Amino acid sequence: MATFRRAMKMTRPGDFSRVFRQGKRLGGGGLTVLTVENSVGHPRLGLAIAKKHIKLANKRNRLKRIIRESFRQNQSAFSSIDIVVLSRPGVGQRDSAKIWAALEQHWLAVVAQWQKS
């Protein structure tokens, strides 16, 4: 069973700025996913969910929980990469099933992108 440990989380601002500077970008479904290779030996997840896109904290937190759980279930497919998930306008109006489906598509694209690189 895969868990979501603290080591799987991007915490340092420098890590985020490296992903924003050098990351490969995938978009759709109200989310944008940025990926870049890391040197820690396992995948890490960072979240950038804008208050501008989702006003209420409970809805932002719900989205973060969905993203973390989806990442946790798919982390074994990822190589040593840092992944940052950004919210886009309109993501707050989507229901959980649509967000989950969009994430599944993003994870498949990320795996395909990093296998050919």
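This report covers the sheet, the nonpolar cores and the salt bridges of a predicted model.

## Basis

In this predicted model, local features need pLDDT of at least 70 and side-chain atom pairs count only at pLDDT 80 or more, while totals for chains, interfaces and linings use all residues. Residues are numbered from 1 along each chain as its sequence is written, and side-chain values use heavy atoms, with hydrogens and water left out.

Four strands form an open sheet in the order S1-S2-S4-S3, with mixed pairing. Strands and helices are DSSP runs numbered from the N terminus (strands E, at least two residues; helices H or I, at least four), and two strands pair if DSSP finds at least two bridges between them. The edge strands, each pairing on one side only, are S1 (24-28) and S3 (44-48). From one strand to the next the twist averages 20°.

S3 and S4 run parallel and are joined by 5 bridges; Leu-45 has Ile-83 in S4 as its bridge partner. Helix H2 lies across S2, S3 and S4, at about 165° to S3. Axes here are lines fitted to C-alpha atoms, for helices over the stretch in contact (heavy atoms within 4.5 Å), and angles run from 0 to 180 degrees between N-to-C directions.

## Nonpolar cores

A nonpolar core is a set of buried Ala, Val, Leu, Ile, Met, Phe, Trp, Tyr and Cys residues joined through side-chain atoms within 4.5 Å. Buried means under 20% relative accessible area, exposed over 50%, and partly exposed in between (1.4 Å probe, protein chains only). The largest core has 22 residues, of which Ile-67, Phe-78, Ile-83, Val-85 and Trp-107 touch the most other members. Strand S2 (31-37), helix H2 (57-74), strand S4 (81-87) and helix H3 (96-116) each give two or more residues to this core, and H3 gives the most, with 6.

Beyond its neighbours within four places in sequence, Phe-78 is in contact with Pro-43, Phe-71, Ile-83, Trp-107, Val-110 and Val-111. Another core, of 7 residues, lies apart from the largest one and includes Phe-16, Val-19, Leu-34 and Leu-86.

## Salt bridges

The whole structure holds 5 salt bridges, each a side-chain nitrogen of Lys or Arg within 4 Å of a carboxyl oxygen of Asp or Glu. Arg-12, Asp-15, Arg-18, Arg-44 and Asp-82 are linked in a network of them.

Asp-82 pairs with Arg-18 at 2.5 Å between the closest N and O atoms. Asp-82 lies in S4 and Arg-18 in helix H1 (residues 13-22), so this pair ties together parts 64 residues apart in sequence. Asp-82 also forms a salt bridge with Arg-44, at 2.8 Å; Arg-44 and Asp-82 are both buried. Arg-12 and Asp-15 meet at 3.9 Å, N to O; Arg-12 counts as exposed because its relative accessibility is 55%, whereas Asp-15, at 8%, counts as buried.
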